[in-house]
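I opened the notebook to go through one model. The entries below follow the order in which I looked things up.

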Amino acid sequence: MLPRALNIFFSLVMLVMAVPVAVIVWAISLKVNKGPLLYKGERLGKDKQKFIMYKFRTLPVDAEKKIGSDLLNKKHNMVTPFTKFMRDTRIDELPQLYNILRGDMAFIGPRPERQAVYEAHCKKIRDYDFRFTVKPGMIGYSQLFTPHSTPKVIRASIDNKNIQQGQDFFSSAFMVGITIGAVILTVCRKLSQLMWAAYKVDVKKSFNEKRRLERIGLGKIEFHLLDPVSRKPFAAGRVVDINEECIKLTAYTKLPSKFEVFWMPVDVFRDGHVKRIKMLFTGYVQTKKSVGKDVQGGAVYVIRYRAANKLHQYLIDQYLLRKSLASDFSMDQTALKRAVVGMFNQVLGFDKT
């Protein structure tokens, strides 16, 4: 009874705290969106029992009919700047506090799935149905730490491992705290970007670039080209920035017009050791600009790229574009979780050591 009582108490408290946010969302939606404020969608819950899940609506009213069993992506072109902001910051998930209050969902658990998506993409994944042994969660472990592009098989593996480990009160509190922190950081970052853009236009009267996609600076990350036959690296350069479509880089040597890129940019700390992540692309040179002899290689390239497969697209989104909600928490999540839970136990006297 205790977990249920805690879910009721905290969902009521957070629903009251969410009222000002709901009023702001409602006021903006009246101007920029057409249709009802809330989205009501049928989802699969524990033991595959169907229930109605609530969200702030971020898509057109008939979006589910148009999307069908597909997964939402940029080709559908259904997201406005305001609804994209809500989806990126997960503000649209707040009405699911009502689902927790009703008992359809829990705070922590695998995210609920649409019947059509389950039949088309998930049913054949090994052990995917293990997620239906517990209530779906408002906060999913895999949803929090991976981007939307993550293959279902990877997310299923992460969720199943989290279910097997179980959730005690302190672990759940840790996950909720991480989520709140990640949402606050994301909201602040997005709002600061909007305010800076408005300041440049209204105060400084400077030119405002109409960039459709946000660019992310990567510092001194190097890339390596592979020979298509021998698969050995034959050229290298330094990445300046990247977005969902293009990479800007300074080349140390002249680049061919078309190539494959074998990129080794990120050292990830996992389970006590560092692992180097390797990513494979195909791409072609879109623009080239000579910058003089002072820069090694003498040219800056903009490369339009595509990931070799879904796994590499996930790696790009996770480690380069930093699309996961908790991407700011870059340290080993297992070690961080153990440290926080251990601190709680020690402070409250449960762990005398």
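How many helices and strands are there in the protein? I counted ten helices and ten strands, taking helices as DSSP runs of H or I with at least four residues and strands as runs of E with at least two, numbered from the N terminus. I noted that this is a predicted model, where local features need pLDDT of at least 70, side-chain atom pairs count only at pLDDT 80 or more, and totals for chains, interfaces and linings use all residues. Residues are numbered from 1 along each chain as its sequence is written, and side-chain values use heavy atoms, with hydrogens and water left out.

**Whole chain**

I looked up burial next, where buried means under 20% relative accessible area, exposed over 50%, and partly exposed in between (1.4 Å probe, protein chains only). Of the 353 residues, 42% count as buried. The protein exposes about 20,600 Å², of which carbon and sulfur atoms supply 59%; the areas come from the Shrake-Rupley method with a 1.4 Å probe, and for residues only the protein chains shown count as cover. For contacts (heavy atoms within 4.5 Å), I took pairs at least 6 apart in sequence and found that 66% join residues at least 24 apart.

**Salt bridges**

I used the rule of a side-chain nitrogen of Lys or Arg within 4 Å of a carboxyl oxygen of Asp or Glu. The count comes to 14 salt bridges. Lys48 pairs with Asp129, with the closest N and O atoms 3.0 Å apart. Lys48 sits in the loop between strands S1 (38-44) and S2 (50-56) and Asp129 in the loop between helix H5 (115-122) and strand S4 (137-139), so the pair ties together parts 81 residues apart in sequence. Lys48 is partly exposed at 34% relative accessibility, and Asp129 is partly exposed at 35%.

I then checked Arg111 and Glu93, whose side chains meet in a salt bridge at 2.9 Å, N to O. Arg111 is in the loop between strand S3 (106-108) and H5, and Glu93 is in the loop between helix H3 (81-89) and helix H4 (96-102), 18 residues apart. Both residues are buried.

Arg102 forms a salt bridge with Asp104 at 3.4 Å between the closest N and O atoms. Arg102 is partly exposed at 43%, whereas Asp104 is buried at 18%. I also recorded a network in which salt bridges that share partners join Lys84, Asp88 and Lys190.

**Nonpolar patch**

Which residues make the nonpolar surface patch of about 490 Å²? I listed Phe9, Phe10, Val13, Met17 and Phe169; patch residues have over 30% relative accessible area and no salt bridge, with like charges joined within 9 Å and nonpolar side chains (Val, Leu, Ile, Met, Phe, Trp, Tyr) within 5 Å. Helix H1 (residues 2-32) gives the largest share, four residues. Phe169 belongs to helix H8 (residues 169-202) and is partly exposed at 43%.

**Helix H9**

Is helix H9 (residues 310-320) mostly covered or mostly uncovered? I found it mostly covered, with eight of its eleven residues buried. Among them are Tyr314, Ile316 and Leu320. His312, in H9, is buried with a relative accessible area of 14%. Leaving out residues up to four places away in sequence, His312 touches Lys278, Met279, Leu280 and Ala307. At the start of H9, a side-chain oxygen of Asn309 comes within 3.1 Å of the backbone nitrogen of Leu311. Just after H9, Arg322 has a positive phi of about 50°.

Terms used. Polar contact = N/O pair within 3.5 Å; in protein donor to acceptor, adjacent residues only side chain to side chain.
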